[in-house]
Amino acid sequence: MDLSMDLQWTIDRDRCIQCGACVDDCPFHILEMRDGYPATNPKRVHHCIRCQHCLAVCPTGAASIFGVNPDRSLPLPESLPSAKQMEALIRGRRSVRFYKPEPLPSTTIAGMLATVANAPTGKNKRQCLFTVIEDQESMALLRRETMEGLRRAVAERRLSEGLGYFRHVVTAWDQGRDIIFRNAPHLLMVSAPPTITTPDADMLIAMSYFEMLAATMGIGTLWNAMIRWAFSVIETDMFKRLGIPEDHVKGYTLLFGLPAVRYHRTVQRDEAMINRVRLS
Ligand SMILES: Cc1cc2nc3c(=O)[nH]c(=O)nc-3n(C[C@H](O)[C@H](O)[C@H](O)COP(=O)(O)O)c2cc1C
């Protein structure tokens, strides 16, 4: 079988300056120079890891693979934030626990997820499934069902010692405080098929990128471990209820929405712990 057909590799000879950068950068030597132009090596195409480096490294936008139009890529490096901006983002993103009630436009959320689908994965394919709640009725229902499930777990003394905290969560709920969902208008949960090579890393990277992208857009996020713990003690299979395939590896949850709190400076964490090694 000629797998080069599957790669849809093309080189625009009017643009190609025959520099060989795509050949040199291909991590699995799928490309070779033939008659002065880069071409796929049919004996090696099955090693392609779909990284698209050939398209990204081409200085003139002559290379295309998988039918991708290089003119639709963002130009680099001018599109990158500066190191100072990245520092401010990493130090300045915060866990947001107070949200405005109004939801984000669906198109905003879709745009964010489209960007996050470009986060690194072990296999260069869109592998994570992003489960998102956009509408407020669903958020309210999820909140209610979770809290009622917790209430039953408390009443039936089903909470393990480590989860005794949920008693206070239910009391707070009765007093009008939502300690788990923090009244956030949206929820994002990530999961991945069990067959992929690096599900845990892929999911955490995707969620971290989502968090940072959100911060640049003035959107607050909250990593949430409590939701997962709550789901583990209530009788309803909430993952199933949310339409997450049963066999998926379940990742983390982020709450998000417009923040009702504003931070004016960074916090100051401990120094980095560094193990500098010099072997001899
Ligand atoms: C993996 C992870 C899980 C978290 N789970 C919760 C949670 O369930 N509820 C909550 O209020 N905060 C949660 N947080 C937020 C942390 O408590 C938060 O990072 C910490 O308070 C420091 O605040 P900062 O993120 O603004 O620096 C979580 C954070 C991480 C990274």
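# Briefing on a predicted protein model with a ligand

With 16 C-beta neighbours inside 10 Å, Leu129 counts as partly exposed, and Leu129 belongs to strand E5. The model is predicted. The protein chain has an average pLDDT of 95, and 98% of the residues score at least 70. Residues 1-5 have a pLDDT below 50, and this stretch makes seven contacts in the model beyond near neighbours in sequence.

- Not counting residues up to four places away in sequence, Leu129 touches Ser191, Ala192 and His248.
- Between Leu129 and His248 there are 119 residues of separation in sequence, while their C-alpha atoms are 8.9 Å apart in space.
- Strand E5 covers residues 129-133 and is included in what covers the buried residues of helix H6.

**Helix H6**

- Helix H6 runs over residues 136-155, and its 20 residues should span 28 Å at 1.5 Å a residue; the end C-alpha atoms are 28 Å apart, which agrees.
- The buried residues in H6 are Met139, Thr146, Met147, Leu150 and Ala153.
- Glu137, Ala140, Arg144 and Ala155 are exposed, and they are carried on the face of H6 turned away from its buried side.
- Besides E5, the cover over the buried residues of H6 includes helix H7 (166-174), strand E6 (186-192) and helix H9 (226-233).

**Helix H7**

- Phe166, Val169 and Trp173 are buried in H7.
- The three cover an arc of only 45 degrees around the axis, and therefore they are on the same side of H7.
- His168 and Asp174 are exposed on the other side of H7.
- H6 and H9 are included in what covers the buried residues of H7.
- Gly176 follows H7 and has a positive phi, near 90 degrees.

**Trp173, a residue of H7**

- Trp173 is placed in helix H7.
- Leaving aside neighbours within four places in sequence, Trp173 is in contact with Met147 and Asp178; Met147 is one of the buried residues in H6.
- Trp173 and Cys16 are 157 residues apart along the chain, and 64 Å separates their C-alpha atoms.

**Loops and backbone geometry**

- Arg157 is in the loop between H6 and H7, just after H6.
- Arg157 is not a glycine, although its phi is positive, at about 50 degrees.
- Arg157 counts as exposed because it has 6 C-beta neighbours inside 10 Å.
- Asn183 is found in the loop between H7 and E6.
- Asn183 has a phi near 55 degrees, which is a positive value in a residue other than glycine.
- Asn183 is partly exposed because 18 other C-beta atoms lie within 10 Å.
- Leu76 and Pro77 are joined by a cis peptide bond, with omega at about 5 degrees.
- The loop that holds Pro77 is between strand E4 (63-64) and helix H4 (83-92).

**Lys43**

- Lys43 is in the loop between strand E3 (37-40) and helix H3 (53-57).
- Lys43 counts as exposed because it has 10 C-beta neighbours inside 10 Å, and a residue with 12 or fewer is exposed.
- From C-alpha to C-alpha, Lys43 and Phe166 are 59 Å apart in space, and they are 123 residues apart in sequence; Phe166 is one of the buried residues in H7.

**The shell around the ligand**

- Arg94, Ser95, Arg97, Leu222, Trp223, Asn224, Ala225, Met226 and Val267 surround the ligand.
- Strand E7, residues 220-224, gives the largest share of this shell, with three residues.
- By type, five residues of the shell are nonpolar, two are polar and two are charged.

Key
Residues numbered from 1 in each chain as written. Predicted model: local features only at pLDDT ≥ 70, side-chain atom pairs only at ≥ 80, totals over all residues. Helix = DSSP H or I, 4+ residues; strand = E, 2+ residues; numbered from the N terminus. Expected span 1.5 Å × (residues − 1). Buried ≥ 20, exposed ≤ 12 C-beta atoms within 10 Å, placed from the backbone. Contact = placed C-beta atoms within 7 Å. Near = placed C-beta within 6 Å. Nonpolar A, V, L, I, M, F, W, Y, C, P; charged D, E, K, R; others polar. pLDDT = per-residue confidence, 0-100. Arc of directions from axis to C-beta.
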